[in-house]
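Try each task yourself before reading the solution.

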Amino acid sequence: MKPLPIEVRSLACERDQRELFTAMSFDLQAGEVLQVAGPNGSGKTSLLRILAGLLPAVAGDVHYGGATVFSGRGRERWRQNRLFIGHAPAVKANLTAEENLSWLCALSQPVAAQQIAAALEQVGLRGFEDVPCHTLSAGQQRRVALARLYLEAHPVWILDEPFTAIDKAGVAALEQHIQAHAADGGTVILTTHHSLEHLEGVRCLDLGQVA
Amino acid sequence: MNWSFFHKLGSPKWFFEISGRWLPWFAVASALLLLVGAVWGLVFAPQDYQQGNSFRIIYIHVPAAFVAQSCYIMLAVAGVVGLVWRMKLADVALKCAAPIGAWMTFVALVTGAIWGKPTWGTYWVWDARLTSMLILLFLYFGIIALGQAISNRETSAKATAVLAIVGVINIPIIKYSVEWWNTLHQPATFKITEKPAMPVEMWLPLLLMVLGFYALFAVSLLMRMRVEVLQREGRTRWAREALEKMS
Amino acid sequence: MRRIVWLLFCREWRLAWRRPGDLLNPLVFFAIVISLFPLAVGPEPGMLRTMAPGVIWVAALLATLLSLDGLFRSDYEDGSLEQWVLSPHPLALMVLVKVLHHWLICGLAMVVLAPLFGLMLALPASVLPVLCLSLLLGTPVLSLLGAVGAALTVGLKGGGVLLALLILPLYIPVLILGTGAIDASLQGMPVTGYALWLGCLAVLSLSLAPIAIAAGLRIGVSE
């Protein structure tokens, strides 16, 4: 699937009667990486959840390839094109890494067991395929969730704090993977408190300044 | 999307102004209707040949029961409007109407129980009407409890809207099953609501009381909604100006 | 579509069997509640027989409610529910599979156990098939309606009591019809009418409840 441009038009978000942001507009072309930055409580997660389609926006619209992602055909296409990994990794403690991944991928497109094994190897979890996830550490569980980035062919990634609980080597590998995805023409929107300045071509949206 | 923006900006102010104009009329109408209906029903209407004077409690019981049932349907309608068109005023209406409906149900239950004493010789009989009212009270409690348990205002409004819709689909089923259950377990007892045709001088005051109760409901609902709207829109200029004008 | 249903069913099945204790708890609760009644009112068979339909049905109501409290909670807490909501597959279908799986484990087990408790409460053997039939038609309704409440209270801490408050009034028609069927059978009267009505309610809730559950979950994850 080829990524299409994303246009955010005067988006507004309100949480518990507090205005987080209003009239937010930006464009994102295929192949761009957008880091959403800002202090705690500035609405980073809310913005990502609105973009993903979990949280209704108070006002404004998001277009993907010219069609709104909030209803109709545009929403259908958006659902097939974006991958969201939130704060909670969606990893079931009582399932093994392989079972978790095969289910999470099946929610959009089923994948074969060999592919899952290969992806787990990529995130440094070789040999943990058949281990129930409650025996894994927080960082390892996060890696299980992130293995989806190696398995699913979504052009747009929306990642909320993907680097949480991950060690240095893991962060470097993930940064590389994100860059490779962008170089392939994919789009990435992510929040992190970790600096991405050393990566080329990362745009930054500072919610602390927008508000 | 533009519509929800329009509603959010346009509706509360408009509602506040228009309701301010309507409120006195509703208040006068409800006071007049209730006064005339009550005096007529309690003093001038003829005695019931079976129950004597004790039947006169229907002038409170029946209107309260009417309003209690219609209020629940109104909750569901407000829920649909709130969910489908994202109209914030519908959320306000749902939130403000639920406690009024619960009180009306409570009044209907208490008057029903008081009526039961001279009629059946006991305060509570598992009569189909009374049992349905009791269940309706529980349904109201559920809506109020869910609304209060969820702290986020939008989430709470949507969740109560879904519950009200589920409830209103269930109400006819509950009503018929309770009536059926009642005929199974209590065949051919005296029923308080199914009576031979009432003479005009009995049902006319009843009609006035029913209309008066509806007007009273409208008055209290509008007043509660105005306060809620002012609270929600406290940051806007018109709300501050309205508050200053009042004080 | 068929594939996702099957995969979801397998996932639920695995998750359930990795914690067998959770499967058993509602059934043990069902058994204990029923056993409390003879202790409370005395073991006189005539009295137990009159009470049996009500006791078994109320116990089934409470056990279902208890087991439903956590139906969506763990999926909500670990973020799985977000992924369900975001998936291109219809959410209503997925929750229907989840609830039916829950019923297969909890409701069906109660149907199977009920004749045993019927005998303990002095019901004649001729009534036991009707007891099972009424539970077989009624418990899916209990699971589906209860799941609506579970979805609406998914993000709330200590939603158990609230769930009971929301859902128990909605259970009343099932209770009336279920116990009515057993009563009718005890008096040697036909039960077809009751069974048809219960079947109606089952079909109605099968078709409408998933929509309400999906709406409730969408509201829950947007919190």
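Here come the ground rules, then the exercises.

This is a predicted model, where local features need pLDDT of at least 70, side-chain atom pairs count only at pLDDT 80 or more, and totals for chains, interfaces and linings use all residues. Residues are numbered from 1 along each chain as its sequence is written, chains are lettered from A and ligands numbered from 1 in the order in which they are written, and side-chain values use heavy atoms, with hydrogens and water left out.

**Exercise 1.** Describe the overall build of chain B.

Solution. Start with secondary structure: chain B has seven helices and zero strands (DSSP runs, H or I of at least four residues for helices, E of at least two for strands, numbered from the N terminus). Next, the box: along the principal axes, its C-alpha atoms fill roughly 60 × 40 × 25 Å. Then burial: of the 247 residues in chain B, 47% are buried (under 20% relative accessible area; exposed is over 50%, partly exposed in between, with a 1.4 Å probe and protein chains only). Finally, take contacts (heavy atoms within 4.5 Å) in chain B between residues at least 6 apart in sequence: 79% of them join residues at least 24 apart.

**Exercise 2.** Find the nonpolar surface patch that includes B:Val39 and classify that residue.

Solution. First, list the members: B:Leu35, B:Val36, B:Val39, B:Leu42, B:Val43 and B:Phe44 make a patch of about 590 Å². The patch rule takes residues with over 30% relative accessible area and no salt bridge, joining like charges within 9 Å and nonpolar side chains (Val, Leu, Ile, Met, Phe, Trp, Tyr) within 5 Å. Areas are Shrake-Rupley values with a 1.4 Å probe, and for residues only the protein chains shown count as cover. Third, classify: B:Val39 is partly exposed because its relative accessibility is 40%.

**Exercise 3.** Characterise the interface of chain C and chain A.

Solution. Count first: 28 residues of chain C touch 29 residues of chain A. Now the area: the two chains bury about 2,500 Å², 56% of it on carbon and sulfur atoms (accessible area, 1.4 Å probe, lost on being put together and summed over both parts). On the chain C side, C:Gln83, C:Leu86 and C:Pro88 lose the most, together 27% of what that side buries. Last, charges: the rule finds five salt bridges across this interface (a Lys or Arg side-chain nitrogen within 4 Å of an Asp or Glu carboxyl oxygen). One salt bridge joins C:Asp78 and A:Lys92, at 2.8 Å, N to O.
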